Amino acid sequence: MNTAADGLRVEKVHVWRGDRHVLKGVSLSLAPRQLLHIRGPNGSGKTTLLRVACGLLRPEQGEVSWNGQPISGVRLEYQAVLAYASHEPALKGDLTALENLRFAVGLKRRVSAQELRDSLEQTGAGACADLPARVLSAGQRRRVAMARVLAMSASLWLLDEPFTNLDAAGSELMSALLRSHVSQGGAALVVAHHDLTVAVEMRRLDLAA
Amino acid sequence: MSVGAAAAFNLLVRRELCLSFRRPDQLLQPLVFFLIVTTLFPLGLSLQLSLLRDMAPGVLWVAALLSSLLSLDGLFKSDADDGTLEQLALCGQGLTLIVVAKTFAHWLVSGAALVLVSPVVGTALGIPVGAFPTMMLSLGLGTLTLSWLGAIGAGLTVGLKRGNVLLSLIVLPLAMPLLIFGAGATDRAISGTNAAGALYFLAALCVFTCTLAPFAATTALRITLE
C-alpha cells in the first residue's frame, strides 16, 4: 500500500529561463507502480520539468521531494534509485557500447560485464556491444541508452522522449520494458510528445505552451 | 550493491585515461606544442649557451603553462556536449568526486607527461643535468596546481561556445605566482643555489589549490549545469 509520502512529489515548481517563465507552478506526484506521461507542445517545459525532477535544475520556487524528504537533503540516496535518460543518448563515441555502460552503471552499482551484455540483449542492442558508439545509428544509440537505464536497476525512471529514433519494433520493445518496470513495482516519468500505448495504469500531465 | 568512493574514483580515472588514449592526437598535441615552442628559442636566439641557460627557466615555464592550457578547455566540455556530464552528475557519487577524478586524470595525461618529457627540453635549453630533479619537481607541483586552477575556469566556461579564450583569461593571471616561484626554483637549481624556498612556496600553492579548488570547481560546474 502506497502512502502519500511514498515516491516522488513535485510541488508548485516555478522555473524562469531568463525572462521566460517556463514552469508556472507545476505539481505532480508519482508513487511506485505508476507511470506518468508528461505531454505538451514544444517549449512547454517538459524537459525542464524532468531536469527539475531529477535534481539537475534547482527550481526558483517550489520543492521536489522523494519519500517525503526534499531531494536537496537526500541527493545521493535519491540519485542511487533513479535512472535518467536525457533527450541525447549520452554516449561517448570513442567507447564501445559495453564500455559506455560499464563506466556509467559501474559508478552506481557493482555490475558484471555479463549483466551489461544481458541488458544490451534485452533492448536489442546485443550486436552493438563491442562497437564504438560513434558508428551506431541513432536508433541503436537509443537502445544502448535504454540498456543503461535497465542495467542501473533503478526504481525510478525519468525518460525524456525515449521513443525518438526507434523503429516500430523498438517502440513496441520500449513499451514492453516500461510495462514490466511498472508491474514490478517501479515508477516511471516519461516525457513524450505523442500518445503512449503502454498497457498499464497511466496518468497524464499536460503542460501548456 | 553500491559502489564506494575509492572504487568510483578508480573507475572514473580509468574512464578518462581510456578516452584520452582513444584520441592519441589530442593527447600528444600539448606535448608536441611544449617541445616545439621550447626548441624554437635556441633556434631563434643565439647558440650562446650562457644566454640560453639564463632564459631557460622562463621559457620552460611559459611553454608549460601555455601547453597545459591547450587541453584544459576540453576537461568538462566534451562530456557536457554529449550529455554524459549529466549522467555523471546523477551517478550517486557526488559531483565533487567526479571533478576530482577528472582533474587528476587530466593532470596525469597532460602535467605528468609534460614533466616526463621536460629533461629533453632541459637538455635543448642547456640546463645542467644536476638541475633536472628540481626542475621536474617544480613542474610537477606547478602543473598539478594549474590543472586545479584550470578546473575552476573550465567549470565556469563549459557552457560557452568559444570558452577557451575566456578560460585563458581566467587562468593565466591566477597562474602568475606559479611562474614566479617555478621559474625561480629552476633558476636557483641551474645556478647551484638552494631552491628549497621556492619549492616550498610551490608546494604550499599546490596544497592550497588541491584543498579548495575541488569545491570551487564543483560549484562552478553545478551553476553551469543548471
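This is a predicted model: local features need pLDDT of at least 70, side-chain atom pairs count only at pLDDT 80 or more; totals for chains, interfaces and linings use all residues.
Residues are numbered from 1 along each chain as its sequence is written, and chains are lettered from A and ligands numbered from 1 in the order in which they are written. Helices (H or I, at least four residues) and strands (E, at least two) are DSSP runs, numbered from the N terminus.

**Parallel sheet, chain A**

- Five strands make an open sheet with parallel pairing, in the order E6-E7-E8-E3-E9. Strands pair if DSSP finds at least two bridges between them.
- E6 (82-85) and E9 (202-206) are the edge strands, and each pairs on one side only.
- From one strand to the next, the twist averages 15°.
- E6(A) runs parallel to E7(A), joined by four bridges. A:Ala83 has A:Trp157 as its bridge partner in E7(A).
- E3 (residues 35-39) and E8 (residues 187-191) of chain A also pair in the parallel sense, over four bridges. There, A:Leu35 is partnered by A:Ala188 of E8(A).
- Helix H6 (residues 168-183) of chain A lies across E3, E7 (156-160) and E8, at about 145° to E8(A). Axes are lines fitted to C-alpha atoms, for helices over the stretch in contact; angles run from 0 to 180 degrees between N-to-C directions.

**Antiparallel sheet, chain A**

- Four strands form an open sheet in the order E2-E1-E4-E5, with antiparallel pairing.
- Its edge strands, each pairing on one side only, are E2 (20-30) and E5 (69-70).
- E4 (residues 61-66) and E5(A) run antiparallel, with two bridges between them. A:Ser65 has A:Pro70 as its bridge partner in E5(A).
- Helix H1 (residues 46-54) of chain A packs on this sheet and touches E1 (8-17), E2 and E4. Its direction makes about 125° with that of E1(A).

**A loop residue, chain A**

- A:Arg109 sits in the loop between helix H3 (97-105) and helix H4 (113-122) of chain A.
- A:Arg109 counts as partly exposed because it has 16 C-beta neighbours inside 10 Å.
- Its C-alpha atom is 30 Å from that of A:Ala169, 60 residues apart along the chain.

**Helix pair, chain B**

- H7 (residues 132-157) and H9 (residues 176-191) of chain B pack at about 170°, with axes 9 Å apart. H7(B) is therefore roughly antiparallel to H9(B). That term applies to angles over 145 degrees; under 35 is roughly parallel, 65 to 115 roughly perpendicular, and the rest oblique.
- Contact residues include B:Met135, B:Gly142 and B:Leu146 of H7(B), and B:Leu178, B:Gly182 and B:Ala185 of H9(B). Contact means C-beta atoms, placed from the backbone, within 7 Å.
- H7(B) is mostly covered, with 21 of its 26 residues buried.

**Contact between the chains**

- The contact takes 24 residues from chain A and 23 residues from chain B.
- On the chain B side, helix H1 (5-22) and helix H5 (84-89) each give two or more residues. H1(B) gives the largest share, six residues.

Notes. Two residues are in contact if their C-beta atoms, placed from the backbone, lie within 7 Å. A residue is buried if 20 or more other C-beta atoms lie within 10 Å of its own, exposed if 12 or fewer, and partly exposed in between; C-beta atoms are placed from the backbone.
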